[in-house]
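I opened this notebook to record what I looked up in the structure shown below. The entries follow the order of the look-ups.

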Amino acid sequence: MKVTAEHNDRIAKMTFASVYPHYITKLEKKGRTKEDLHQVIEWLTGFDEDRIQEFISQKATFETFFQQANLNPNAHLIKGVICGYRIEEIDNSLTRQVRYLDKLVDELAKGRKMEKILRKEIKTGANKT
């Protein structure tokens with residue numbers, strides 16, 4: 001599916017505060033917590049809980065939210081399809097960043113282990129032969 005300019009504009013103007021409660025609801029239905037959500041947001045953006053709350057109270061757009069983010073250097077490892085779009089094929093950087101967040105929330109809801117969601121290597125100490 002091709003991302004249109006109208007779609008990118010709509011994403012840019014959408015407020016983080018309007019989507020955040022939906023993230024919480026989705027995760028709590030699946031047994032995950034607000035703290036889990038904040039952990040993935042902090043990993044992706046560098047924002048701590050206080051900063052997240054500031055964006056919510058200011059009704060900041062996703063454009064403002066991601067302009068101020070310090071995107072994790074491993075964010076490019078987030079791949080796959082979310083909302084009908086293949087993340088790695090999205091040309092618009094803001095739309096791709098919003099979809100990164102959507103994908104992380106989706107992975108949390110599906111019960112994926114936090115180490116995998118945060119794209120951390122797990123060292124086992126054993127060599128495979």
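Entry 1. I began with F62 and F66, which lie four residues apart in helix 5 and are therefore separated by about one helical turn. The model is a predicted one. I then looked up the burial of the two residues: F62 is buried, and F66 is buried as well.

Entry 2. I searched the whole structure for aromatic pairs and found nine. One of them joins F55 and F65 edge-to-face, with 5.0 Å from centre to centre and 70° between the planes. F55 lies in helix 4 and F65 in helix 5 (residues 62-67), so this pair ties together parts that are ten residues apart in sequence. F55 counts as buried because its relative accessibility is 0%. F65 is buried too, with a relative accessible area of 0%.

Entry 3. I returned to the rings of F62 and F66. Their centres are 6.2 Å apart and their planes stand at 20°, so I noted the pair as stacked; the cut-off for stacking is planes under 30 degrees apart.

Entry 4. I turned to charge on the surface. Which residues gather in a patch of negative charge? I listed E28, E35, E42, D48, E49 and D50. Helix 3 (34-45) and helix 4 (49-57) each supply at least two residues of this patch.

Entry 5. I looked up E42 individually and placed it in helix 3. E42 has a relative accessible area of 42%, so I recorded it as partly exposed.

Notes. Residues numbered from 1 in each chain as written. Predicted model: local features only at pLDDT ≥ 70, side-chain atom pairs only at ≥ 80, totals over all residues. Heavy atoms only, no water. Patch = residues over 30% accessible without salt bridge, like charges linked within 9 Å, V, L, I, M, F, W, Y side chains within 5 Å. Areas by Shrake-Rupley, 256 points an atom, 1.4 Å probe, with all protein chains shown as cover. Salt bridge = Lys/Arg side-chain N within 4 Å of Asp/Glu carboxyl O. Lys, Arg positive; Asp, Glu negative; His and termini not counted. Charge placed at Lys NZ, Arg CZ, Asp CG, Glu CD. Buried < 20%, exposed > 50% of the residue type's maximum accessible area, 1.4 Å probe, protein only. Phe/Tyr/Trp six-rings, centres within 6.5 Å; stacked < 30°, edge-to-face > 60°.
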